Amino acid sequence: MTGFTIAYTADVATDVAARVITNRVLSAHYNVLALSAPEIAAAAAPGQFVMIKAGRGCDPLLRRPFSIFELLRDDAGEPAGISILNKRIGASTGLIYEARPGHRVDCLGPLGRPFTVVEPPTAGWMVAGGVGLAPFAEVAAALRRRGVATVLFYGARSGAELFYLDFFRNLGVELVLSTEDGSIGERGRIVAPLERRLAAQPPGSSVMVYACGPEGMLAATAKTAARHGRPCQVSVERIMGCGLGGCYSCVVPMRTDEGGFHHVRSCLAGPVLPADRILWD
Amino acid sequence: MADLSVRIGALTLKNPLIAASGCFGYGVEYADLFDISTLGAVATKGLFLAEREGHPPPRIVETPAGMLNAIGLQGIGARRFVEEKLPELRALGATVIVNVCGTTLDEYAEVSRVVSDAEGVAAIELNISCPNIKEGGMQFGCSLAGTHDVVDAVRKVTRLPIIPKLTPNVTDVSAFARAAEEAGADAVSLVNTFLAMVIDVETRRPKISNVVGGLSGPAIRPIAVRMVYECAQAVKIPILGMGGIADARDALEFLIAGATAVQVGTANFADPFVWTKLLDGISDYLQRHRIARLADVIGTLDTGTEHAARIGS
(Lines give C-alpha, C1' and ligand atoms only; values in the text may rest on other atoms or scores of the structure.)
Protein backbone atom coordinates (compact mmCIF):
# COMPACT_ATOMS: atom_id res chain seq x y z
CA MET A 1 0.00 0.00 0.00
CA THR A 2 1.09 3.49 -0.73
CA GLY A 3 -0.68 5.18 2.15
CA PHE A 4 -2.68 7.26 -0.30
CA THR A 5 -6.04 6.11 -1.46
CA ILE A 6 -7.38 8.28 -4.24
CA ALA A 7 -10.84 9.58 -3.55
CA TYR A 8 -12.79 10.68 -6.57
CA THR A 9 -13.54 14.18 -5.55
CA ALA A 10 -15.05 15.28 -8.84
CA ASP A 11 -18.55 14.22 -7.78
CA VAL A 12 -19.61 17.80 -7.25
CA ALA A 13 -17.65 19.39 -10.11
CA THR A 14 -19.64 21.49 -12.53
CA ASP A 15 -18.58 23.04 -15.82
CA VAL A 16 -19.82 26.60 -16.03
CA ALA A 17 -19.56 29.05 -18.93
CA ALA A 18 -18.73 31.66 -16.32
CA ARG A 19 -19.34 35.32 -17.03
CA VAL A 20 -16.58 37.70 -15.98
CA ILE A 21 -18.09 40.01 -13.36
CA THR A 22 -15.05 42.19 -12.76
CA ASN A 23 -11.37 42.20 -13.61
CA ARG A 24 -9.43 43.99 -10.92
CA VAL A 25 -5.90 44.74 -12.10
CA LEU A 26 -3.51 44.70 -9.15
CA SER A 27 -0.22 45.37 -10.97
CA ALA A 28 1.46 44.94 -14.33
CA HIS A 29 1.44 41.19 -13.72
CA TYR A 30 -1.36 40.40 -11.28
CA ASN A 31 -5.14 40.61 -11.50
CA VAL A 32 -8.19 39.23 -9.72
CA LEU A 33 -10.89 37.90 -12.01
CA ALA A 34 -14.37 37.56 -10.50
CA LEU A 35 -16.51 34.92 -12.21
CA SER A 36 -20.21 34.21 -11.99
CA ALA A 37 -20.40 30.55 -10.99
CA PRO A 38 -22.91 29.93 -8.19
CA GLU A 39 -22.79 26.13 -8.54
CA ILE A 40 -19.03 26.11 -8.01
CA ALA A 41 -19.13 28.65 -5.18
CA ALA A 42 -21.79 26.64 -3.34
CA ALA A 43 -19.69 23.47 -3.36
CA ALA A 44 -16.16 24.81 -2.87
CA ALA A 45 -13.92 24.24 0.14
CA PRO A 46 -10.72 26.19 1.00
CA GLY A 47 -7.79 24.97 -1.12
CA GLN A 48 -9.81 23.51 -3.99
CA PHE A 49 -9.20 24.57 -7.57
CA VAL A 50 -10.93 25.13 -10.89
CA MET A 51 -9.83 24.34 -14.46
CA ILE A 52 -10.29 27.36 -16.71
CA LYS A 53 -10.18 27.54 -20.50
CA ALA A 54 -9.26 31.14 -21.11
CA GLY A 55 -9.79 31.29 -24.86
CA ARG A 56 -11.87 29.74 -27.59
CA GLY A 57 -10.52 27.26 -30.10
CA CYS A 58 -7.18 25.49 -30.23
CA ASP A 59 -4.61 27.96 -28.99
CA PRO A 60 -4.34 27.73 -26.05
CA LEU A 61 -5.85 24.27 -26.24
CA LEU A 62 -5.95 23.05 -22.64
CA ARG A 63 -7.41 24.45 -19.47
CA ARG A 64 -5.23 25.78 -16.66
CA PRO A 65 -5.65 25.10 -12.94
CA PHE A 66 -6.32 28.00 -10.57
CA SER A 67 -6.83 27.95 -6.83
CA ILE A 68 -10.14 29.41 -5.83
CA PHE A 69 -9.22 32.80 -4.30
CA GLU A 70 -12.46 34.25 -2.94
CA LEU A 71 -15.98 32.85 -2.68
CA LEU A 72 -18.35 35.59 -3.80
CA ARG A 73 -21.83 36.09 -2.37
CA ASP A 74 -24.76 38.08 -3.66
CA ASP A 75 -26.70 40.68 -1.66
CA ALA A 76 -28.84 37.96 -0.11
CA GLY A 77 -25.68 36.16 1.05
CA GLU A 78 -26.09 33.30 -1.41
CA PRO A 79 -23.06 31.84 -3.26
CA ALA A 80 -22.70 33.79 -6.51
CA GLY A 81 -19.26 33.04 -7.86
CA ILE A 82 -15.56 32.78 -7.30
CA SER A 83 -12.51 34.87 -7.97
CA ILE A 84 -9.07 33.77 -9.03
CA LEU A 85 -5.74 35.46 -8.36
CA ASN A 86 -3.87 35.43 -11.66
CA LYS A 87 -0.24 36.11 -12.50
CA ARG A 88 0.44 36.77 -16.17
CA ILE A 89 3.17 34.37 -17.32
CA GLY A 90 1.93 32.73 -20.54
CA ALA A 91 -0.82 32.57 -23.14
CA SER A 92 -3.69 31.50 -20.88
CA THR A 93 -2.75 33.72 -17.96
CA GLY A 94 -2.30 36.57 -20.46
CA LEU A 95 -5.86 36.10 -21.71
CA ILE A 96 -7.13 36.00 -18.14
CA TYR A 97 -5.21 39.18 -17.37
CA GLU A 98 -6.92 40.89 -20.28
CA ALA A 99 -10.44 39.45 -19.85
CA ARG A 100 -13.23 42.03 -19.85
CA PRO A 101 -16.46 42.01 -17.85
CA GLY A 102 -19.09 40.15 -19.83
CA HIS A 103 -16.59 37.73 -21.36
CA ARG A 104 -17.20 34.08 -20.66
CA VAL A 105 -14.63 31.46 -19.70
CA ASP A 106 -15.24 27.74 -19.26
CA CYS A 107 -14.68 26.99 -15.58
CA LEU A 108 -14.78 23.43 -14.21
CA GLY A 109 -14.82 22.83 -10.48
CA PRO A 110 -14.50 22.71 -7.60
CA LEU A 111 -11.81 20.06 -7.89
CA GLY A 112 -9.27 18.38 -5.67
CA ARG A 113 -8.73 17.93 -1.97
CA PRO A 114 -9.02 21.01 0.24
CA PHE A 115 -6.90 22.05 3.21
CA THR A 116 -7.87 20.54 6.55
CA VAL A 117 -9.04 23.52 8.61
CA VAL A 118 -7.93 23.19 12.25
CA GLU A 119 -9.82 24.14 15.41
CA PRO A 120 -8.59 26.05 18.49
CA PRO A 121 -6.36 25.71 20.43
CA THR A 122 -4.31 24.72 17.35
CA ALA A 123 -2.91 27.79 15.62
CA GLY A 124 -3.04 28.13 11.83
CA TRP A 125 0.07 29.48 10.13
CA MET A 126 -0.20 30.13 6.43
CA VAL A 127 2.96 30.51 4.33
CA ALA A 128 2.46 32.17 0.95
CA GLY A 129 4.91 33.09 -1.80
CA GLY A 130 3.81 35.35 -4.66
CA VAL A 131 0.71 34.06 -6.45
CA GLY A 132 0.72 31.26 -3.85
CA LEU A 133 -1.42 33.64 -1.78
CA ALA A 134 -4.40 32.40 -3.80
CA PRO A 135 -5.85 29.67 -1.55
CA PHE A 136 -5.33 31.57 1.70
CA ALA A 137 -8.11 34.13 1.57
CA GLU A 138 -10.65 31.34 2.12
CA VAL A 139 -8.41 29.34 4.45
CA ALA A 140 -7.97 32.45 6.62
CA ALA A 141 -11.69 33.16 6.61
CA ALA A 142 -12.47 29.57 7.64
CA LEU A 143 -9.83 29.60 10.39
CA ARG A 144 -10.99 32.93 11.79
CA ARG A 145 -14.66 31.82 11.76
CA ARG A 146 -13.59 29.05 14.11
CA GLY A 147 -11.62 31.44 16.29
CA VAL A 148 -8.23 30.00 15.35
CA ALA A 149 -5.18 32.22 16.04
CA THR A 150 -4.02 32.78 12.47
CA VAL A 151 -0.74 34.07 11.04
CA LEU A 152 0.05 34.78 7.39
CA PHE A 153 3.72 34.60 6.44
CA TYR A 154 3.70 36.25 3.03
CA GLY A 155 6.69 36.86 0.78
CA ALA A 156 7.01 38.51 -2.62
CA ARG A 157 9.62 40.12 -4.86
CA SER A 158 8.71 43.63 -3.72
CA GLY A 159 6.16 45.48 -1.65
CA ALA A 160 4.23 46.32 -4.83
CA GLU A 161 3.48 42.62 -5.20
CA LEU A 162 2.05 42.11 -1.71
CA PHE A 163 -1.72 42.19 -2.15
CA TYR A 164 -4.87 42.08 0.01
CA LEU A 165 -3.00 42.92 3.21
CA ASP A 166 -5.99 44.85 4.63
CA PHE A 167 -8.28 41.94 3.76
CA PHE A 168 -6.24 39.67 6.02
CA ARG A 169 -5.81 42.34 8.73
CA ASN A 170 -9.58 42.87 8.82
CA LEU A 171 -10.09 39.14 9.40
CA GLY A 172 -7.82 39.41 12.43
CA VAL A 173 -4.90 37.62 10.78
CA GLU A 174 -1.42 38.53 12.03
CA LEU A 175 0.84 39.43 9.10
CA VAL A 176 4.53 38.59 8.81
CA LEU A 177 5.87 39.99 5.54
CA SER A 178 9.08 39.69 3.57
CA THR A 179 10.26 40.99 0.21
CA GLU A 180 13.33 40.17 -1.83
CA ASP A 181 14.14 43.87 -2.17
CA GLY A 182 13.28 44.76 1.42
CA SER A 183 10.73 47.38 0.38
CA ILE A 184 8.17 46.02 2.84
CA GLY A 185 8.83 43.68 5.77
CA GLU A 186 11.97 41.67 6.22
CA ARG A 187 14.45 41.51 3.33
CA GLY A 188 14.85 37.96 2.01
CA ARG A 189 12.80 34.79 1.98
CA ILE A 190 9.68 34.25 4.02
CA VAL A 191 10.97 30.95 5.43
CA ALA A 192 13.48 32.86 7.65
CA PRO A 193 10.87 34.52 9.91
CA LEU A 194 8.82 31.29 9.84
CA GLU A 195 11.84 29.39 11.10
CA ARG A 196 12.43 31.84 13.98
CA ARG A 197 8.78 31.76 14.96
CA LEU A 198 8.69 27.95 14.94
CA ALA A 199 11.87 27.87 17.07
CA ALA A 200 10.27 30.23 19.62
CA GLN A 201 7.03 28.27 19.85
CA PRO A 202 6.49 26.51 23.24
CA PRO A 203 6.73 22.71 22.89
CA GLY A 204 3.27 22.05 24.31
CA SER A 205 1.53 24.28 21.78
CA SER A 206 -0.16 23.05 18.62
CA VAL A 207 0.42 24.58 15.18
CA MET A 208 -0.68 23.58 11.68
CA VAL A 209 1.45 24.99 8.87
CA TYR A 210 -0.22 25.62 5.49
CA ALA A 211 1.93 26.53 2.48
CA CYS A 212 1.48 27.52 -1.15
CA GLY A 213 4.05 29.10 -3.42
CA PRO A 214 7.17 28.37 -5.47
CA GLU A 215 8.64 24.88 -5.23
CA GLY A 216 11.76 26.06 -3.36
CA MET A 217 9.66 27.83 -0.76
CA LEU A 218 7.44 24.77 -0.31
CA ALA A 219 10.43 22.48 0.14
CA ALA A 220 12.05 24.85 2.65
CA THR A 221 8.77 25.25 4.54
CA ALA A 222 8.29 21.49 4.63
CA LYS A 223 11.81 20.95 5.99
CA THR A 224 11.45 23.71 8.58
CA ALA A 225 8.11 22.41 9.78
CA ALA A 226 9.46 18.86 10.00
CA ARG A 227 12.54 20.01 11.90
CA HIS A 228 10.30 21.60 14.51
CA GLY A 229 7.91 18.67 14.59
CA ARG A 230 4.96 20.60 13.16
CA PRO A 231 2.47 19.13 10.65
CA CYS A 232 2.44 20.86 7.30
CA GLN A 233 0.01 20.78 4.37
CA VAL A 234 1.19 22.17 1.05
CA SER A 235 -0.79 23.09 -2.02
CA VAL A 236 1.35 22.08 -5.00
CA GLU A 237 1.18 23.50 -8.49
CA ARG A 238 1.96 21.15 -11.36
CA ILE A 239 1.52 21.30 -15.12
CA MET A 240 -1.95 19.80 -15.32
CA GLY A 241 -3.64 18.52 -18.47
CA CYS A 242 -7.16 17.76 -17.33
CA GLY A 243 -7.66 18.18 -13.57
CA LEU A 244 -9.72 14.99 -13.43
CA GLY A 245 -7.21 12.16 -13.18
CA GLY A 246 -7.26 11.31 -16.87
CA CYS A 247 -3.85 12.37 -18.11
CA TYR A 248 -1.32 11.57 -15.36
CA SER A 249 0.70 14.71 -16.06
CA CYS A 250 0.41 16.45 -12.66
CA VAL A 251 2.09 13.76 -10.58
CA VAL A 252 4.09 14.35 -7.41
CA PRO A 253 6.58 11.76 -6.12
CA MET A 254 5.51 10.73 -2.63
CA ARG A 255 7.16 8.41 -0.14
CA THR A 256 5.49 5.06 0.40
CA ASP A 257 5.36 3.12 3.64
CA GLU A 258 7.80 0.61 2.15
CA GLY A 259 10.46 3.26 1.59
CA GLY A 260 9.90 3.63 -2.14
CA PHE A 261 7.99 6.32 -3.94
CA HIS A 262 4.75 6.61 -5.86
CA HIS A 263 3.73 9.20 -8.45
CA VAL A 264 0.50 10.61 -7.05
CA ARG A 265 -1.86 12.59 -9.26
CA SER A 266 -2.04 16.01 -7.60
CA CYS A 267 -5.43 16.76 -9.22
CA LEU A 268 -7.12 13.91 -7.32
CA ALA A 269 -4.95 13.31 -4.24
CA GLY A 270 -4.08 17.03 -4.02
CA PRO A 271 -3.52 19.82 -4.70
CA VAL A 272 -3.18 19.85 -0.91
CA LEU A 273 -0.75 17.14 0.15
CA PRO A 274 1.02 16.20 3.41
CA ALA A 275 4.43 17.89 3.13
CA ASP A 276 6.34 15.17 4.97
CA ARG A 277 5.45 12.56 2.33
CA ILE A 278 6.63 14.52 -0.69
CA LEU A 279 10.07 13.76 -2.14
CA TRP A 280 11.27 17.30 -2.67
CA ASP A 281 14.38 16.53 -4.74
CA MET B 1 -33.31 8.53 -34.12
CA ALA B 2 -30.56 7.15 -36.32
CA ASP B 3 -28.79 3.91 -35.50
CA LEU B 4 -25.34 4.89 -34.22
CA SER B 5 -24.14 1.37 -33.45
CA VAL B 6 -21.04 0.00 -35.12
CA ARG B 7 -19.46 -3.44 -35.22
CA ILE B 8 -15.82 -4.22 -34.45
CA GLY B 9 -15.62 -7.89 -35.37
CA ALA B 10 -17.83 -9.75 -32.94
CA LEU B 11 -18.18 -6.67 -30.74
CA THR B 12 -21.06 -4.23 -31.21
CA LEU B 13 -20.61 -0.73 -29.83
CA LYS B 14 -23.71 1.35 -29.08
CA ASN B 15 -22.01 4.33 -30.71
CA PRO B 16 -18.64 4.96 -32.37
CA LEU B 17 -17.11 7.07 -29.57
CA ILE B 18 -14.26 5.53 -27.60
CA ALA B 19 -12.27 7.25 -24.88
CA ALA B 20 -8.66 6.86 -26.03
CA SER B 21 -6.13 4.99 -23.94
CA GLY B 22 -3.96 7.17 -21.74
CA CYS B 23 -6.46 10.01 -21.89
CA PHE B 24 -9.20 8.71 -19.62
CA GLY B 25 -7.38 7.15 -16.66
CA TYR B 26 -9.03 3.82 -15.92
CA GLY B 27 -12.44 5.27 -16.75
CA VAL B 28 -13.63 5.26 -13.15
CA GLU B 29 -12.14 8.74 -12.67
CA TYR B 30 -14.87 10.14 -14.91
CA ALA B 31 -17.77 8.17 -13.49
CA ASP B 32 -18.89 10.93 -11.15
CA LEU B 33 -18.86 13.45 -13.97
CA PHE B 34 -21.04 11.54 -16.42
CA ASP B 35 -22.42 8.09 -17.20
CA ILE B 36 -19.48 6.38 -18.91
CA SER B 37 -21.71 3.50 -20.07
CA THR B 38 -23.04 5.95 -22.66
CA LEU B 39 -19.70 5.84 -24.48
CA GLY B 40 -19.18 3.30 -27.23
CA ALA B 41 -16.24 2.05 -25.17
CA VAL B 42 -13.54 3.10 -22.75
CA ALA B 43 -9.92 2.21 -23.57
CA THR B 44 -8.00 1.91 -20.32
CA LYS B 45 -4.59 3.25 -19.54
CA GLY B 46 -1.88 0.92 -20.82
CA LEU B 47 -1.20 -2.05 -18.55
CA PHE B 48 1.94 -4.09 -18.10
CA LEU B 49 2.09 -7.04 -15.72
CA ALA B 50 3.79 -5.01 -13.00
CA GLU B 51 3.07 -1.55 -11.66
CA ARG B 52 5.11 1.27 -13.21
CA GLU B 53 5.77 4.77 -11.98
CA GLY B 54 6.44 6.32 -15.39
CA HIS B 55 8.64 9.31 -16.13
CA PRO B 56 9.38 12.17 -13.75
CA PRO B 57 7.47 15.40 -14.39
CA PRO B 58 7.23 17.61 -16.38
CA ARG B 59 5.35 15.14 -18.54
CA ILE B 60 3.36 17.37 -20.88
CA VAL B 61 3.76 20.66 -22.69
CA GLU B 62 1.24 22.47 -24.80
CA THR B 63 2.06 23.12 -28.48
CA PRO B 64 0.19 25.03 -31.20
CA ALA B 65 -3.21 23.29 -31.41
CA GLY B 66 -1.78 20.30 -29.63
CA MET B 67 0.23 18.87 -26.79
CA LEU B 68 3.30 16.77 -26.27
CA ASN B 69 3.30 14.03 -23.65
CA ALA B 70 5.74 11.56 -22.21
CA ILE B 71 3.97 9.99 -19.25
CA GLY B 72 5.97 6.77 -19.54
CA LEU B 73 3.02 4.44 -19.06
CA GLN B 74 2.57 4.89 -15.34
CA GLY B 75 0.08 2.23 -14.35
CA ILE B 76 -1.13 -0.19 -11.71
CA GLY B 77 -0.46 -3.40 -13.65
CA ALA B 78 -2.87 -5.96 -15.04
CA ARG B 79 -3.64 -7.83 -11.83
CA ARG B 80 -4.42 -4.77 -9.74
CA PHE B 81 -6.54 -3.46 -12.62
CA VAL B 82 -8.56 -6.65 -12.67
CA GLU B 83 -8.99 -6.60 -8.89
CA GLU B 84 -9.51 -2.90 -8.23
CA LYS B 85 -10.86 -1.19 -11.34
CA LEU B 86 -12.62 -3.75 -13.48
CA PRO B 87 -15.39 -4.59 -10.97
CA GLU B 88 -16.21 -0.89 -10.72
CA LEU B 89 -16.23 -0.50 -14.50
CA ARG B 90 -18.53 -3.51 -14.78
CA ALA B 91 -20.87 -2.07 -12.17
CA LEU B 92 -20.93 1.18 -14.14
CA GLY B 93 -21.89 -0.73 -17.28
CA ALA B 94 -18.89 0.48 -19.26
CA THR B 95 -17.75 -1.31 -22.41
CA VAL B 96 -14.09 -1.87 -21.57
CA ILE B 97 -11.21 -2.15 -24.02
CA VAL B 98 -8.05 -2.98 -22.10
CA ASN B 99 -4.87 -1.46 -23.51
CA VAL B 100 -2.21 -4.18 -23.16
CA CYS B 101 1.52 -3.38 -23.03
CA GLY B 102 4.60 -5.53 -22.85
CA THR B 103 8.36 -5.45 -23.02
CA THR B 104 8.46 -9.02 -24.38
CA LEU B 105 6.11 -11.24 -26.37
CA ASP B 106 5.59 -13.30 -23.22
CA GLU B 107 4.50 -10.24 -21.29
CA TYR B 108 1.96 -9.21 -23.96
CA ALA B 109 0.58 -12.74 -23.86
CA GLU B 110 0.52 -12.93 -20.06
CA VAL B 111 -1.20 -9.56 -19.61
CA SER B 112 -3.72 -10.57 -22.28
CA ARG B 113 -4.34 -13.86 -20.49
CA VAL B 114 -4.90 -12.10 -17.15
CA VAL B 115 -7.45 -9.68 -18.57
CA SER B 116 -9.11 -12.36 -20.73
CA ASP B 117 -9.66 -14.52 -17.65
CA ALA B 118 -11.50 -11.66 -15.95
CA GLU B 119 -15.16 -10.84 -16.42
CA GLY B 120 -16.08 -7.61 -18.14
CA VAL B 121 -13.46 -7.03 -20.82
CA ALA B 122 -14.86 -6.45 -24.31
CA ALA B 123 -11.62 -6.30 -26.30
CA ILE B 124 -7.86 -5.99 -26.10
CA GLU B 125 -6.01 -3.10 -27.65
CA LEU B 126 -2.34 -3.94 -28.12
CA ASN B 127 -0.05 -1.04 -27.40
CA ILE B 128 2.74 -1.57 -29.91
CA SER B 129 3.12 2.12 -30.52
CA CYS B 130 4.01 4.05 -27.38
CA PRO B 131 6.80 6.43 -28.37
CA ASN B 132 7.85 7.19 -24.80
CA ILE B 133 9.34 4.05 -23.35
CA LYS B 134 12.68 2.41 -24.02
CA GLU B 135 11.49 -1.18 -24.24
CA GLY B 136 8.30 -2.57 -25.69
CA GLY B 137 5.74 -0.42 -27.37
CA MET B 138 7.09 1.08 -30.55
CA GLN B 139 9.97 -1.39 -30.65
CA PHE B 140 7.41 -3.97 -31.81
CA GLY B 141 5.20 -1.57 -33.70
CA CYS B 142 8.02 -0.25 -35.90
CA SER B 143 8.81 -3.70 -37.27
CA LEU B 144 6.43 -5.68 -39.50
CA ALA B 145 7.70 -8.92 -38.00
CA GLY B 146 7.33 -7.52 -34.48
CA THR B 147 3.76 -6.42 -35.19
CA HIS B 148 2.95 -9.88 -36.55
CA ASP B 149 4.60 -11.65 -33.63
CA VAL B 150 2.77 -9.69 -30.92
CA VAL B 151 -0.62 -10.27 -32.54
CA ASP B 152 0.21 -13.92 -33.10
CA ALA B 153 1.34 -14.43 -29.49
CA VAL B 154 -1.79 -12.81 -28.09
CA ARG B 155 -4.08 -14.59 -30.57
CA LYS B 156 -3.00 -17.87 -28.99
CA VAL B 157 -4.16 -16.90 -25.49
CA THR B 158 -7.41 -15.01 -25.99
CA ARG B 159 -10.74 -15.19 -27.78
CA LEU B 160 -11.38 -11.50 -27.22
CA PRO B 161 -11.18 -9.17 -30.21
CA ILE B 162 -7.56 -8.02 -30.67
CA ILE B 163 -6.95 -4.45 -31.79
CA PRO B 164 -3.29 -3.51 -32.30
CA LYS B 165 -2.76 0.24 -31.92
CA LEU B 166 -0.45 1.39 -34.66
CA THR B 167 2.21 4.06 -34.60
CA PRO B 168 2.35 6.77 -37.26
CA ASN B 169 6.14 6.91 -36.84
CA VAL B 170 6.76 4.60 -39.81
CA THR B 171 7.08 5.15 -43.55
CA ASP B 172 3.96 3.23 -44.58
CA VAL B 173 1.44 2.58 -41.82
CA SER B 174 -0.81 0.54 -44.13
CA ALA B 175 1.85 -2.17 -44.34
CA PHE B 176 1.58 -2.49 -40.56
CA ALA B 177 -2.20 -2.69 -40.72
CA ARG B 178 -1.80 -5.53 -43.24
CA ALA B 179 0.73 -7.32 -41.03
CA ALA B 180 -1.71 -7.10 -38.13
CA GLU B 181 -4.58 -8.38 -40.27
CA GLU B 182 -2.55 -11.29 -41.55
CA ALA B 183 -1.58 -12.25 -37.99
CA GLY B 184 -5.24 -12.48 -36.99
CA ALA B 185 -6.08 -9.07 -35.59
CA ASP B 186 -9.80 -8.26 -35.48
CA ALA B 187 -9.28 -4.53 -36.03
CA VAL B 188 -6.54 -1.91 -35.86
CA SER B 189 -6.53 1.45 -34.12
CA LEU B 190 -4.52 4.42 -35.35
CA VAL B 191 -2.84 6.74 -34.91
CA ASN B 192 -0.88 6.82 -31.71
CA THR B 193 1.08 10.04 -31.17
CA PHE B 194 3.79 11.50 -33.39
CA LEU B 195 7.26 11.53 -31.86
CA ALA B 196 8.15 15.19 -31.35
CA MET B 197 10.00 17.62 -29.10
CA VAL B 198 9.82 21.14 -27.70
CA ILE B 199 12.82 23.14 -26.48
CA ASP B 200 12.92 26.05 -24.05
CA VAL B 201 15.37 28.32 -25.86
CA GLU B 202 16.11 30.42 -22.75
CA THR B 203 17.37 27.45 -20.77
CA ARG B 204 18.18 25.28 -23.84
CA ARG B 205 16.46 22.43 -22.07
CA PRO B 206 13.69 20.16 -23.36
CA LYS B 207 10.27 21.10 -22.03
CA ILE B 208 9.51 17.56 -20.87
CA SER B 209 11.74 15.32 -18.78
CA ASN B 210 11.88 12.53 -21.36
CA VAL B 211 13.29 15.01 -23.94
CA VAL B 212 10.99 13.64 -26.66
CA GLY B 213 7.31 12.82 -26.45
CA GLY B 214 4.17 12.12 -28.43
CA LEU B 215 2.30 14.90 -30.22
CA SER B 216 -1.50 14.79 -30.16
CA GLY B 217 -4.39 17.19 -30.67
CA PRO B 218 -5.93 19.00 -33.64
CA ALA B 219 -2.46 19.73 -35.07
CA ILE B 220 -2.05 16.10 -36.16
CA ARG B 221 -5.58 15.49 -37.43
CA PRO B 222 -5.09 15.84 -41.20
CA ILE B 223 -2.13 13.45 -41.11
CA ALA B 224 -4.11 10.97 -39.05
CA VAL B 225 -7.08 11.14 -41.45
CA ARG B 226 -4.74 10.43 -44.37
CA MET B 227 -3.24 7.43 -42.57
CA VAL B 228 -6.67 6.01 -41.72
CA TYR B 229 -7.67 6.45 -45.36
CA GLU B 230 -4.55 4.60 -46.55
CA CYS B 231 -5.14 1.74 -44.12
CA ALA B 232 -8.79 1.49 -45.12
CA GLN B 233 -7.63 0.84 -48.69
CA ALA B 234 -5.23 -1.86 -47.49
CA VAL B 235 -7.21 -4.00 -45.03
CA LYS B 236 -10.69 -5.48 -44.61
CA ILE B 237 -10.73 -5.43 -40.80
CA PRO B 238 -12.36 -2.44 -39.05
CA ILE B 239 -10.29 0.62 -38.18
CA LEU B 240 -10.59 2.65 -35.01
CA GLY B 241 -9.48 6.11 -36.11
CA MET B 242 -8.05 8.81 -33.92
CA GLY B 243 -5.89 11.90 -33.91
CA GLY B 244 -7.07 15.35 -32.86
CA ILE B 245 -10.81 14.75 -32.94
CA ALA B 246 -12.50 17.62 -31.12
CA ASP B 247 -15.93 17.92 -32.72
CA ALA B 248 -18.45 15.92 -34.73
CA ARG B 249 -17.11 17.05 -38.10
CA ASP B 250 -13.67 15.77 -37.14
CA ALA B 251 -15.13 12.41 -36.15
CA LEU B 252 -17.08 12.22 -39.40
CA GLU B 253 -13.91 12.87 -41.40
CA PHE B 254 -12.37 9.74 -39.92
CA LEU B 255 -15.54 7.70 -40.50
CA ILE B 256 -15.84 8.82 -44.10
CA ALA B 257 -12.13 8.05 -44.60
CA GLY B 258 -12.88 4.48 -43.53
CA ALA B 259 -12.82 4.27 -39.75
CA THR B 260 -15.58 2.20 -38.16
CA ALA B 261 -15.22 3.93 -34.79
CA VAL B 262 -13.24 6.86 -33.43
CA GLN B 263 -11.19 7.46 -30.32
CA VAL B 264 -10.94 10.80 -28.57
CA GLY B 265 -8.15 11.75 -26.19
CA THR B 266 -6.73 15.24 -26.01
CA ALA B 267 -10.12 16.91 -26.56
CA ASN B 268 -11.39 15.17 -23.44
CA PHE B 269 -8.72 17.00 -21.41
CA ALA B 270 -9.88 20.40 -22.61
CA ASP B 271 -13.55 19.48 -22.34
CA PRO B 272 -14.63 16.36 -20.46
CA PHE B 273 -18.15 16.96 -21.74
CA VAL B 274 -17.02 16.78 -25.38
CA TRP B 275 -18.78 13.42 -25.75
CA THR B 276 -22.26 14.93 -25.69
CA LYS B 277 -21.29 17.44 -28.36
CA LEU B 278 -19.79 14.71 -30.54
CA LEU B 279 -22.81 12.44 -30.28
CA ASP B 280 -25.32 15.24 -30.84
CA GLY B 281 -23.31 16.54 -33.80
CA ILE B 282 -23.10 13.12 -35.43
CA SER B 283 -26.85 12.52 -34.93
CA ASP B 284 -27.56 15.93 -36.40
CA TYR B 285 -25.40 15.15 -39.43
CA LEU B 286 -27.20 11.86 -40.07
CA GLN B 287 -30.56 13.58 -39.82
CA ARG B 288 -29.52 16.38 -42.19
CA HIS B 289 -28.25 13.87 -44.73
CA ARG B 290 -31.21 11.51 -44.17
CA ILE B 291 -28.97 8.60 -43.29
CA ALA B 292 -30.61 5.98 -41.04
CA ARG B 293 -27.49 4.11 -39.95
CA LEU B 294 -24.12 5.55 -39.07
CA ALA B 295 -22.57 2.40 -40.55
CA ASP B 296 -23.68 3.71 -43.95
CA VAL B 297 -21.28 6.66 -43.61
CA ILE B 298 -18.20 4.53 -43.06
CA GLY B 299 -15.73 4.57 -45.93
CA THR B 300 -17.93 6.65 -48.22
CA LEU B 301 -15.26 9.07 -49.37
CA ASP B 302 -15.98 10.41 -52.84
CA THR B 303 -12.63 11.07 -54.45
CA GLY B 304 -14.25 12.32 -57.61
CA THR B 305 -12.63 9.68 -59.81
CA GLU B 306 -15.95 8.63 -61.34
CA HIS B 307 -16.75 12.20 -62.08
CA ALA B 308 -13.26 12.73 -63.51
CA ALA B 309 -13.69 9.65 -65.72
CA ARG B 310 -17.03 10.91 -66.94
CA ILE B 311 -15.68 14.26 -68.04
CA GLY B 312 -12.75 12.48 -69.67
CA SER B 313 -9.91 14.03 -67.69
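User: In chain B, what percentage of contacts between residues at least 6 apart in sequence join residues at least 24 apart?
Analyst: This is a predicted model, where local features need pLDDT of at least 70, side-chain atom pairs count only at pLDDT 80 or more, and totals for chains, interfaces and linings use all residues. Residues are numbered from 1 along each chain as its sequence is written, while chains are lettered from A and ligands numbered from 1 in the order written. Two residues are in contact if their C-beta atoms, placed from the backbone, lie within 7 Å. For chain B, the share is 71%.

User: What radius of gyration does chain B have?
Analyst: The radius is taken over C-alpha atoms, and the globule rule is 2.2 Å times the number of residues to the power 0.38. With 313 residues, a compact globule would come out near 20 Å. Chain B agrees with that, at 19 Å.

User: Which residue is the bridge partner of B:E62 in β6(B)?
Analyst: β5(B) and β6 (residues 66–69) of chain B run antiparallel. Four bridges join them. In β6(B), the partner of B:E62 is B:M67.

Methods
Pairing = 2+ DSSP bridges. Helix = DSSP H or I, 4+ residues; strand = E, 2+ residues; numbered from the N terminus.
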